[in-house]
Amino acid sequence: MNYMVHNRFKNISSVPNNTIIVSEHLGMGDYEIVSKINLFDHTINCAISSIEICKEQPQVIRDIVMVICLLHDAGKSPSVQKEFKNKNEAHDVLSARFSKEAMQDFDISDELQRSIFVTLFNHHNEDKNKEQTMYSSFLVASDVTARKLEKKFILSRERGLK
């Protein structure tokens, strides 16, 4: 969280300018809506959404998913892009690379580090042949839930201003 505050995630849109949003939950026209949510708020919304998504899971799984949610879009940050000197890599790849470095500061097993890395690396990959982890579906569900809530919030706020 300190990293997000220090690197001004509140000043960064949660979706880059060149993003084309096409999913079963958000359409191409939704870019204008979700781009109004900053990276800090989206990251927190995703982590909070994971609480409900993982409520039936053991506490250790819930904790790991929350950490993954907090890391999932770090690669959208210009400071992370600069740190890894590659603005052309997709944000999920940069988020995974960032997490790998960040995890070195903690006593995390190699197996768990690998699972977190793979989850982040592939979290927007549509290819069903790509490796998934036991955390992948929880991250995707948390991210989608956060986006749905954000869209609803923005639309209701805009209706209230009219």
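Helix axes are lines fitted to C-alpha atoms over the stretch in contact, and angles run from 0 to 180 degrees between N-to-C directions. Helices are DSSP runs (H or I, at least four residues), numbered from the N terminus. This is a predicted model, in which local features need pLDDT of at least 70 and side-chain atom pairs count only at pLDDT 80 or more, while totals for chains, interfaces and linings use all residues. Residues are numbered from 1 along each chain as its sequence is written, and side-chain values use heavy atoms, with hydrogens and water left out.

**H6 against H7**

- Helix H6 (residues 91–103) packs with helix H7 (residues 110–121) at an angle of about 160°, and their axes are 7 Å apart.
- That angle makes H6 roughly antiparallel to H7, where angles under 35 degrees count as roughly parallel, over 145 as roughly antiparallel, 65 to 115 as roughly perpendicular and the rest as oblique.
- In contact terms (heavy atoms within 4.5 Å), Asp92, Val93, Ser95, Ala96, Arg97, Ser99, Lys100 and Met103 of H6 meet Gln113, Ile116, Phe117, Leu120 and Phe121 of H7.
- The residues of this contact of H6 with H7 divide into 7 nonpolar, 3 polar and 3 charged, with Ala, Val, Leu, Ile, Met, Phe, Trp, Tyr, Cys and Pro counted as nonpolar, Asp, Glu, Lys and Arg as charged, and the others, Gly among them, as polar.

**H4 against H7**

- The axes of H4 and H7 cross at roughly 45° and come within 10 Å, which makes H4 oblique to H7.
- On the H4 side the contact is made by Ile64, Ile68 and Leu71, and on the H7 side by Leu112, Ile116, Thr119 and Leu120.
- By class, the contact of H4 with H7 has 6 nonpolar, 1 polar and no charged residues.

**Leu112**

- Leu112, whose place is in helix H7, touches Ile64 and Tyr135 when residues up to four places away in sequence are not counted.
- Leu112 and Ile64 are 48 residues apart in sequence, and their C-alpha atoms are 9.0 Å apart in space.

**The second largest pocket**

- A pocket is an open set of points on a 1 Å grid over the protein atoms alone, where a 1.4 Å probe fits, with protein on both sides within 12 Å along at least five of seven lines; lining residues have an atom within 4 Å of a point.
- The second largest pocket is lined by 18 residues, among which Val67, Leu70, Leu71, Ala102 and Phe106 lie nearest its centre.
- Helix H1 (2–6), helix H4 (59–71), H6 and H7 each supply at least two residues of that lining.
- The lining has 16 nonpolar, 1 polar and 1 charged residues by class.
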